[in-house]
Structures are given as structure tokens and as C-alpha cells.
Amino acid sequence: MARRKIRVSVPGVAELLRPAAPLPATSDERQATGRERHDQKITVYLSATELLDLEHARLRLRRFGFVLDRGRLVREAIAILLADLDARGKDSLVARRVQSIQEAGTGQDTDEDKGFSESAVPSLTWAQPLAAL
């Protein structure tokens, strides 16, 4: 019985840890991925109210003619928040919300926190034109 040598190419650490796609050059280029296989996964725990709000948002978008699942909605929301963070930095919505919670002294981001008022933290109304794209 003849033995054959098989060469196996194993990726190096740099190849394993490199980003799957290059980071966008500007915040205008940041886009959420669509319905495709995703190799990376995170687990997010939501309260019953947050999950219900997410489902209501998905159904509301459906009434506008946009059919998407909850995962896509979350990826779009993340893309919007990250684009805002890229563009506005410390003045971004997420930075101001986190800052107001920390200034309230809780350091937590749970439903029990009442560390920010609606007037202190703006809504995402400025992003509504983006959703129409």
C-alpha cells in the first residue's frame, strides 16, 4: 500500500483575526447586511417590553411596505447608531444616552434606570429620511 503525502494549509493568526470586510471609510458607507448567512453571532437579552417593541417596529415597517425580520431590523438599527457615532462622536445619540446614564450614577443600562429624560436624549427622528432609502 503506497502512502501519499497530503499538505494541509492552515491559516495563520493574522488571517484568522482579520476583519471579514474592510471598515467603511466614511459613515455614509456604513450599511447593514441583508438576508444572508452570517458567520458571527452575538446574544442579546431583551425584556418582554423591548421584544414587543421590536416586533411592533417590524410590523409598522411592514405596513410601510418593508418586509424584514427582527435580525435585519436590529442590524439596520446598529448600522444607524454606528454611522451616527462615526459622524457625531461624543454628540451621537448612543454616546449621549450612555453619558446620561453614567451621570445618573447607576452605571447600568437596564430597564430600571431612569437616569435620562426624554428631553435630554433626542429621538432618532433625524434618521427617518435614511430609513426611506
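Colleague: Why are R88 and D84 separated by about one helical turn?

Modeller: In this predicted model, the side chains of R88 and D84 meet in a salt bridge, 3.2 Å from N to O. Both residues sit in helix α3, and their separation is about one helical turn because they are four residues apart.

Colleague: Is D84 buried or exposed?

Modeller: A residue counts as buried under 20% relative accessible area. The relative accessible area of D84 is 2%, so D84 is buried.

Colleague: Which residue does R72 meet in a salt bridge?

Modeller: The two side chains come to 2.8 Å, N to O. The partner of R72 is E76.

Colleague: Which helices does the salt bridge of R70 and E55 link?

Modeller: The side chains of R70 and E55 meet at 3.8 Å, N to O. This pair links distant parts of the chain, 15 residues apart. E55 lies in helix α2, residues 48-63, and R70 in helix α3, so the helices are α2 and α3.

Colleague: Which residues are linked with R70 in a network of salt bridges?

Modeller: R70 itself is partly exposed, with a relative accessible area of 39%. Its salt bridge with E55 belongs to a network that also takes in another arginine. The residues linked with R70 are E55 and R58.

Colleague: How many salt bridges does a search of the whole structure find?

Modeller: Among them are R72 with E76 and R88 with D84. Side chains of opposite charge can pair when their charged atoms come close. The search finds four.

Colleague: Which helix gives the most to the nonpolar patch?

Modeller: The patch on the surface is formed by V74, I78, L82, L85, V94 and V98, with about 400 Å² of accessible area together. Helices α3 (70-88) and α4 (93-103) each supply at least two of its residues. With four residues, the helix that gives the most is α3.

Colleague: How many helices and strands are there in the protein?

Modeller: From the N terminus on, the elements run α-α-α-α-α. The count is five helices and zero strands.

How values were computed: Residues numbered from 1 in each chain as written. Predicted model: local features only at pLDDT ≥ 70, side-chain atom pairs only at ≥ 80, totals over all residues. Heavy atoms only, no water. Patch = residues over 30% accessible without salt bridge, like charges linked within 9 Å, V, L, I, M, F, W, Y side chains within 5 Å. Areas by Shrake-Rupley, 256 points an atom, 1.4 Å probe, with all protein chains shown as cover. Buried < 20%, exposed > 50% of the residue type's maximum accessible area, 1.4 Å probe, protein only.
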